[in-house]
Amino acid sequence: MADADRSSIEIKVLLKNLDPTKPSIKHKDRLRRLNKFRNYVTAKPPPEIYDDDYSLLLLGSESPTAMEDEDLSHMTLFGLLRAAGCPSTDHKDSLKRSARPTISLLRYLCLEFEASSSDVNNILDELNGFAAALCALNVPQLRTLRLDIHIGKGDNESGSRGGSKDDACHLLALILARHTDTDYETPKPLAIQIFLPESRSQAEFETWLGENASPDVRMAIKENIAAVEGNGGAPSAEAGRKGMPSFDDDDDGDDEDNDDVLGVFGKKSSPPK
């Protein structure tokens with residue numbers, strides 16, 4: 001069996017076992033399947049993945065791959081985004097326990113899969129297939145991740161039902177720095193308020209950026225946020241493809257206000273409906 005063919009099967013088996021609406025699938029079953037798939041993709045060398053399977057893994061039955069395939073269209077495939085943001089049925093404003101390992105897997109696939117040790121979590125280099133597919137999704141699709149809960153409650157008072165703040169912050173930084181139109185090339189910056197409407201969560205993310213993101217990443221995010229607010233102009237297509245901030249020739253990136261990544265939040269905008 002070809003490596004990519006086996007990957008397709010592994011993806012479909014995983015997504016069929018993430019469906020929380022099936023009484024026969026318990027938390028331990030979802031966790032076991034997530035761990036098994038993570039072991040599969042962390043093998044060295046990493047397995048091959050068909051291009052169509054990137055969006056299939058992220059969106060499941062809602063992906064173009066599933067909707068356009070006669071066999072897949074009859075399956076219930078629960079994509080990683082929905083699984084990572086699946087709300088708890090018994091705890092208000094909380095997530096299912098399996099949301100935490102799911103978003104951890106998603107972070108690995110987008111930022112560590114196929115990456116060398118020096119390139120792990122480097123969001124300004126060429127993106128792998130999973131990261132590129134994630135950054136080309138539209139706002140409603142990205143919102144299913146429920147980054148607001150992961151960042152607002154993750155690793156906090158809600159414990160495992162609050163999700164994973166660190167994994168969510170890594171993914172949000174990736175989206176804010178590299179989001180594109182569906183052509184995978186044209187930069188299409190998004191406002192932070194789309195994902196984090198509460199100022200407290202925005203502050204949590206800003207603190208995380210200051211402690212974990214490189215100056216170049218913080219600058220790229222700041223420029224994109226300014227572009228959305230109409231203060232910085234749209235980023236160039238070349239900068240979007242490379243993921244690098246489009247500095248002026250005399251800008252060395254060391255301005256004092258560069259660390260105030262989210263300073264442009266002073267003017268709040270309402271998230272799109």
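Colleague: What pattern does the chain follow, read along the sequence?
Modeller: Keep in mind that this is a predicted model. Reading along, you get α-α-α-α-α-α-α-α-α-α-α-α-α. That comes to 13 helices and zero strands.

Colleague: How many of the residues count as buried?
Modeller: Buried means under 20% relative accessible area. Here 48% of the 273 residues pass that test.

Colleague: Okay, now the aromatic rings. How many aromatic pairs does the structure hold?
Modeller: There are four. To sort a pair, look at the angle between the ring planes: under 30 degrees is stacked, over 60 is edge-to-face. Take phenylalanine 113 and phenylalanine 130: their planes sit at 75°, so they're edge-to-face, with centres 5.5 Å apart.

Colleague: Where in the chain are phenylalanine 113 and phenylalanine 130?
Modeller: Phenylalanine 113 is in the loop between helix H6 and helix H7, while phenylalanine 130 is in helix H7 itself, 17 residues apart. Phenylalanine 113 is buried, at 2% relative accessibility, and phenylalanine 130 is buried too, at 0%. Ring pairs also bring in Tyr54, making a cluster of Tyr54, Phe113 and Phe130.

Colleague: And phenylalanine 205 with tryptophan 208: stacked or edge-to-face?
Modeller: Their planes are at 10°, so that pair is stacked, with the ring centres 6.2 Å apart. Both residues belong to helix H11, and being three residues apart there puts about one helical turn between them.

Definitions and conventions:
Residues are numbered from 1 along each chain as its sequence is written. This is a predicted model: local features need pLDDT of at least 70, side-chain atom pairs count only at pLDDT 80 or more; totals for chains, interfaces and linings use all residues. Side-chain values use heavy atoms; hydrogens and water are left out. Helices (H or I, at least four residues) and strands (E, at least two) are DSSP runs, numbered from the N terminus. Buried means under 20% relative accessible area, exposed over 50%, partly exposed in between (1.4 Å probe, protein chains only). Rings of Phe, Tyr and Trp (its six-membered ring) pair if their centres lie within 6.5 Å; planes under 30 degrees apart count as stacked, over 60 as edge-to-face and the rest as tilted.
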